[in-house]
Amino acid sequence: MAASNSVLGLYDNPDAGANAMDGLQSAGFALGTFDVLTGTPYPEGAFGEHVPQHRLFRFPFFGALVGLTLAILFTAGTQLAYPVVTGGKPILAVFAMLIIAYELTMLGAVVATVVGIIFESRLPNLNLGAYDARITEGYIGVVVECEGDRVEDAREVLQTAGALEIKTA
Amino acid sequence: MSTSSLITDGHDDRPSNIDATAKFAGEGRTVASSGLKLFMWILAAAAALGIVGIIVRFIDDGGREEWGYYAATLAFMLTMFGGAPMIAIAPTIAKANWARPAARIGSLASIATAITALLLIPLMFKLPALTEFSDVLGDDVRRRSIWFDSPIYAPHFWNPLILATLAVVGLAMAYVMAIPDFAAIRDHGTGWKQRWARNLARGFHGRPQQWEWLMMRIGITGALYFAMLLYVNFTFSIDLAVSLVPGWKDAIFPFYHTLGSFQAGLSFTILGIWAARRWGGVSKYVGHEQMWSLGKLLLATTLLWFYFFYSSFIVFWYGRSQADSSTIELLVSGPYVYLFAAVFLFAFIAPWWVMIWNKVRDSVWGPPIAAVLVLFGLFMDRVRIYVASWSATPDDLELATTGILEKMPPTQWPDVFDVFIMAGLPALGLLGILLATRLVPVISLWEIQQSRLITKPVRYLRTRVLLVGKPD
């Protein structure tokens, strides 16, 4: 069942925000249901937050492989279809083919990376949940997505960690 | 000997992140001063004169040589505005903390690059076809170019498209880098700026995943921009200069052109920072450290200017063929010898002499002086190259038999409309950037906020230093 409530705790101290994240995990909230909101990037894992896994690194490898394959098919196919001996070299001249192979391999990797970024970004999340404008001033927000019966639990954990204000959306 | 750290806490008088947000995203942030309004009106008037200059040039078209100053002005705009976003890319990739306040000014130059791409379209109607001498030489004979078997109007199609692609990539990078600041304006701004920011921020709430994707997009667009900048400089300089001059064969010239772009981009960013500090009220956020760091890069690129010029020149000097001698005469020792002397003085000797002194380089006022000299010198350089190239119309029979420019064209002096174009088109680009700063903070808010979180003013024995942590 989809989460229906969003609870936000606002903190003026990053330590308190990190404590809230720890508290939520201890209280049994599943990883991925709570997150930290910041106005500037913090180092990965600074708040003990769930680090989303992506597979972007696979895309350039796949693109490069496709590009290399196309390059070999293209260069070998062309030379075999029109076998012209040039400078006494073999019909399938590897050093000449390497140039096209390099270009298409790089092109494939670049194009696949761009496609990968679009794919891995997924669709935009239209339900952004609770938010507070002070986050872009440097305050730390800890947001929990939960069912209605766990809202009070979440509020209690956020309050215990020292939240300045708690919002529900 | 004690092995404990020599670092102790220092006094921190930097503005807080709340103050920074109020200044760059809050109400009244983008209220233009009367001085700025006057400056923008002057730029608008100059831009209007520039447009008049283009129209008059079209109406009273005296031939290819009269378009040299227009080509030179566009080349200068590409050189200056095209190179500036590299300041937002290269130091960021190298995790240079000092570059944060300078990145926005550099990235906004892409707006002027987009204007340059639009202004290139009229010039393409005056760029000769690849078979411009076909009536004498036969239909299959082309002037030398990089478009061997392509359609005869290939450069006319590809050059604006490639330049437009550079602009689009640059604008995409500038936009991505500004998303967190749009979120701040959405949260703290008012009126039309807040409405625009709400749409442009696209639901950015600062989740870790959103920051991660933002960084990736900055990296990807930055890498693409660098590749495109090299490509644009290559095609632009070959098609609009080298291929128009019989006998000019130079593999180093595109890199010389690109290096000039780095040098001019640095200069533009230095002057932008200086102006923002002087008139934009951001002296607490940008100043000595940025000037010093950018000044060192400017000194390095100034030395490289000479290296690339000399590498190119010495090939012709030792080549000593008739074509090589003609090329040297056209570009260096012939009708533009005084211009070349000015280029050598302002693009190399003077900024080098200014910037070798530690006290000058390590000051807020020194690098801007060198930047002005460099921009003037590089503008003269583009005039030298492009005016000479567009005036080098060869004798048909001569071209048919030798491919050498034997009859040296006379010096092409600018008329009043050329002056309009030279002053007006860069003014139009600058006006576009200043208009954008009405919405986008001239200093990247989220980057200086991050800088504040990872740095700490400390005392090191009896001096004060900034302790920098680089976690990411």
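Student: Which domains is chain A divided into?
Tutor: This is a predicted model. In it, chain A is divided into domain 1, made of 5–53 + 128–168, and domain 2, covering 58–121.

Student: How many Å apart are the centres of domain 1 and domain 2 of chain A?
Tutor: Their C-alpha centres lie 48 Å apart.

Student: Switching to chain B. At what angle do helix α1 and helix α18 of chain B pack?
Tutor: Helix α1 (residues 17–25) and helix α18 (residues 445–454) of chain B pack at about 170°, and their axes are 10 Å apart. An angle over 145 degrees counts as roughly antiparallel, so α1(B) and α18(B) are roughly antiparallel to each other.

Student: Which residues meet there?
Tutor: From α1(B) the residues are Asn17(B), Ala20(B), Thr21(B), Phe24(B) and Ala25(B); from α18(B) they are Leu445(B), Ile448(B), Gln449(B), Arg452(B) and Leu453(B). By class, that contact has six nonpolar, three polar and one charged residues.

Student: And α4 of chain B, which of its residues are buried?
Tutor: In α4(B), residues 85–93, the buried ones are Pro85(B), Met86(B), Ile87(B), Ala88(B), Ile89(B) and Pro91(B). They pack against α3, α5, α7, α9, α10 and α11 of chain B.

Student: What follows α4(B)?
Tutor: Lys95(B), with a positive phi near 55°.

Student: How many aromatic pairs are there over all chains?
Tutor: The search finds 35. One of them, Tyr42(A) with Phe47(A), is edge-to-face, at 4.9 Å centre to centre and 65° between the planes.

Student: Is Phe47(A) buried or exposed?
Tutor: Phe47(A) is buried, at 3% relative accessible area, while Tyr42(A) is partly exposed at 23%.

Notes:
Residues numbered from 1 in each chain as written. Chains lettered and ligands numbered in written order. Predicted model: local features only at pLDDT ≥ 70, side-chain atom pairs only at ≥ 80, totals over all residues. Heavy atoms only, no water. Axes fitted to C-alpha atoms, helices over the stretch in contact; angles between N-to-C directions. Helix = DSSP H or I, 4+ residues; strand = E, 2+ residues; numbered from the N terminus. Parallel < 35°, antiparallel > 145°, perpendicular 65-115°, else oblique. Contact = heavy atoms within 4.5 Å. Nonpolar A, V, L, I, M, F, W, Y, C, P; charged D, E, K, R; others polar. Buried < 20%, exposed > 50% of the residue type's maximum accessible area, 1.4 Å probe, protein only. Domains from an automatic or database assignment. Phe/Tyr/Trp six-rings, centres within 6.5 Å; stacked < 30°, edge-to-face > 60°.
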